[in-house]
Amino acid sequence: MKMKPIAKIYTALIMLFLFAPIAILLVFSFNEAKSLSVFSGGSLYWYKELLHDTETLDAVRNTLILAISASLISTVMGTAAAVGIFRLRNKVLRTSLDTVTNIPMINPDIITGISLMLMFVFVGRLFGAATSLNFGTMLIAHITFCLPYVILQVLPKLQQMDRALPEAAMDLGCTPLKAFIKVEIPEIMPGVITGLIMAFTLSLDDFVISYFTSGNGFETLPIRIYNMTKKTVTPKMYALSTIIFFVILALLIMTNLMDNPTYAETRRNERRAGRNKADADGFVASATSGTVGGRDVPPVGSARAKFRRRIALAIGGVLAVGMIIILVVAAPQTPVLNVYNWGEYISDGSEGSFDTIKGFEAWYKEKYGSEVEVNYTTFASNEDMYAKISSGAVSYDVIIPSDYMIARMAQEGMLLELDYDNIPNYSHIGESFRGLYYDPDNRYSVPYTYSFVGVIWDANQVDEEDTGDWDLLWNEKYAGNILQFNNSRDAFATAQFKLGLDVNSQDPETWRRALAELKKQSPLVKSYVMDEVYNMMESGEAAAVPYYAGDYFTMLDAQAESVDLRFYLPERSNYFIDAMCIPTCCQHKDIAEAFINYMLEEEPAIANAEYICYGCPNDLVYENEDYAEEMGEEAMEILYPDLDTFAERYNSFAFRNLDSDMLDLVNTLWEELKIN
Amino acid sequence: MTKKKDGLTLVRRLALAPYSAWALLFIVVPLFFVAYYAFTDNSFHFTFSNITRFFTATSEVSGNGGVTKEVHTYLVIFFRSLKLAVISTIICLAAGYPMAYLLSRASDRTQKILITLIMIPMWMNFLIRTYAWMTILQDTGILNSLLRSIGLGPVHVIGTETAVVIGMVYDYFPYMILPIYSVMAKMDLKLLEAARDLGCNSFQVLRRVIFPLSLPGVISGITMVLIPSISTFYISQKLGNGKFYLIGDAIEGQYVANNLHFAAAIAFILMVILLVCMAFMQRFANSKASVQ
């Protein structure tokens, strides 16, 4: 049947809707600047970057390992299960199996993720395992949510099959197993293949379930992207998506070409048999397809079955070989150092920078004569990191939390004391950064970076006379153009500083007053942001935002022509230090200390300082002239404000750890703000 | 002969064993852990407080004209999530049903191409896709640049309910089309002809024959859109400008605040509500089907 014009227009509109974002990411992957909202000229820069970004490529590899293993295992197990379920005569058993199979599909993924996480953590604790969340748990989780989809693809194929077929085969002398392999399997192959592809797709794209069940150095691509929320998602990720897009397109075109010779013939066969058209294409199983498929007439053209079987074998073979290669390559022969850091928080060789991680591995080999492999993973927030470590389900050797979290972890006995004999480079840490409240005796931590929160504003939208303090963010003149942190502690702090309140108050009333102030601000706020801030400020979407000082320069580099970004530091503002620590779950303390020591060497420290663009507490960096030149005068002035009085201001304005009742209160108040 | 059949049965029993064990261990047991955490406090003593907190916690919100009023925090969050999810599902259904119908009636070649096109976006990472929507919908974004170039005023979309709904519709749209399509494609065309021969006009054919027959696909489409959109937390964070705190955000927020027991309680309540709804829908579908 030919489509009518109106149907054509309608279809075109739907396709436009589906492909608009894809087109956007294709275009922006060729952006010259580090912006996802301002296009400043075409270049292949981000593709080059991607090829040098070993961490992201590792994440891609991990994602593939997981998706391949999960889809293969769930396809085998699910197909077997479908065969069993199909012939199950026991009504009660059948109904209960059907119900259980439906659970992962009608349960939101967040619940599946949480339920598995709770179980893994609980069982892990019971057995006193050092790490209960790892590749294995993620694999289990992925297999679990893929299984029902496989089963629901295979079941209808079994129902379509002529029940007499396997019996006939056995009458002709086949053993049951042989009858199953020779007769039943080819019949249900289309369903098995669709199931496999579906499982692979679902596993590849899953974020939520992985988010809750991931741990110990196994980071997939979606998690890596999510953890970029403190820094920014770069066009590099768009470049990666573009590559993925074209690979998929090529694969699809290839399978179509392969399919074509037999295609017309099979179609004819189908029509003759009065078969439905769609089963081969029916990608998504309807949850109820079991009840739908029953009416169909079975026989599949034998040429087609053979062809399908060959394709299936080819796909299966490629996947299996791929998995074996990956597993062999991935099997760790050398000690692995697990490092857990903020997203985008280390110089990793991208944008022509020095690769600190590779640098460490080479340095370690030269110095100690043995190999070590760094497994680097990222987190999105201190609380996120704490949740993982305190679950007792992961094992990291080096972590880089912020000050107040260090205080909390030290207090809860979650950190190991450092042996400074192994960290001689500690001597480069400036006096101002020692003996601070969170680690008064310098027992647990070595400062990594520090910075503070200031206000970034667009001089083309904001009058200079309105700037200087926190009032700008409450100024009604800029209603609808103000941004605020989408993170409770930082957002509350802006209100507390404005009102002259203590950001570490133990008095609920103080927090309620800050909440009232935030509620007053809320009608003026355009958006509560974290990493979205880059897009919005660069494109002139908003006029002012409180954010971390160093990130201002990232935005400055990518700002649109109509935007003129400036920065100021209010009188009272939050200062923070992120420092390297060794948690009690550490497996290689000596290597961890060597890593910390190496990070204080001049070359990696400068590379990190330039990459992260925050202040560096290392004198070797601060006093290095090349570094100062590279950063520029403005940056040096903003990033390193008056070091003499740093400790004093730090002690008055830094976040302290709040006890769990206070944290619960802050969280509750934050929710109250958010439902307004 | 019967021995062989027994052998076959045995093979099938064995085939089922690994899955049964797996389903018990990793589908059923974890749900009990959700319940266990939901009904215990931090030291694992039995308590109802997590559950009652969900239903009784209140917040002050400013209503119209600066009057503040008390509302139930989590109930407000839940109904807001439900509302957005229902709107998204309705839009998906309204836009997806005709699409699925057209698809099932198109030529084989067209069907194949269109299905492939609909599926391609599903292969792109959904975080990245959502990010791309930000670039489109921003006040200074692509959409407004386009509108300006044809002389239309700027529209403010990002940070509104509309933006969140667009994100949800976009991400889950294929999950509505595909099940409906697969049911429609299997529909026996003779039934439609028969209806026409018996004097039905096109609308009547649609209402009395096509729609009832496609109901199973519709139900599973609704399920596959409603469930993920009610529990999402990324879309609302990115496209809602952080202003739409949904039930998924609440669960994630409690998890990050290391409040596992309350997170489990919210998850538990959500799960119970959804299971009850789904059971009703299934029953409705079954009764319709048996009328046929």
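Helices H3(A) and H6(A) cross in a right-handed sense, where right-handed means that the near helix is turned clockwise from the far one by less than a right angle, and left-handed that it is turned anticlockwise. By class, their contact has 19 nonpolar, 7 polar and no charged residues. Here Ala, Val, Leu, Ile, Met, Phe, Trp, Tyr, Cys and Pro count as nonpolar, Asp, Glu, Lys and Arg as charged, and the others, Gly among them, as polar.

A word on what you are looking at: this is a predicted model, in which local features need pLDDT of at least 70 and side-chain atom pairs count only at pLDDT 80 or more, while totals for chains, interfaces and linings use all residues. Residues are numbered from 1 along each chain as its sequence is written, and chains are lettered from A and ligands numbered from 1 in the order in which they are written. Helices (H or I, at least four residues) and strands (E, at least two) are DSSP runs, numbered from the N terminus.

| Pair | Residues | Axes come within | Crossing angle |
|---|---|---|---|
| H3(A) and H6(A) | 54-86 and 135-160 | 7 Å | roughly 45° |
| H7(A) and H8(A) | 164-171 and 176-205 | 9 Å | roughly 130° |

The angle of H7(A) with H8(A) makes this pair oblique, and H3(A) is likewise oblique to H6(A). (Under 35 degrees is roughly parallel, over 145 roughly antiparallel, 65 to 115 roughly perpendicular and the rest oblique.) The crossing of H7(A) and H8(A) is right-handed. On the H7(A) side, A:Leu165, A:Pro166, A:Ala169 and A:Met170 make the contact, and H8(A) contributes residues including A:Phe180, A:Lys182 and A:Glu184. Contact means C-beta atoms, placed from the backbone, within 7 Å. The residues of this contact divide into 8 nonpolar, no polar and 2 charged.

**Helix H26 of chain A**

In H26(A), residues 646-653, the buried residues are A:Phe646, A:Tyr650 and A:Phe653. They sit on the same side of the helix because they cover an arc of only 85° around its axis. Facing away from that buried side are the exposed residues A:Glu648, A:Asn651 and A:Ser652. (Buried means 20 or more other C-beta atoms within 10 Å of a residue's own, exposed 12 or fewer.) Strand S9 (575-581) of chain A is among the elements that cover the buried residues.

**Where the chains meet**

Chain B has 105 residues in contact with 102 residues of chain A. Helix H1 (residues 2-38) of chain B supplies the largest share of the chain B side, 21 residues. That side divides into 70 nonpolar, 23 polar and 12 charged residues.

Notes
Axes are lines fitted to C-alpha atoms, for helices over the stretch in contact, and angles run from 0 to 180 degrees between N-to-C directions. Two residues are in contact if their C-beta atoms, placed from the backbone, lie within 7 Å. The arc is that of the directions from the helix axis to the C-beta atoms.
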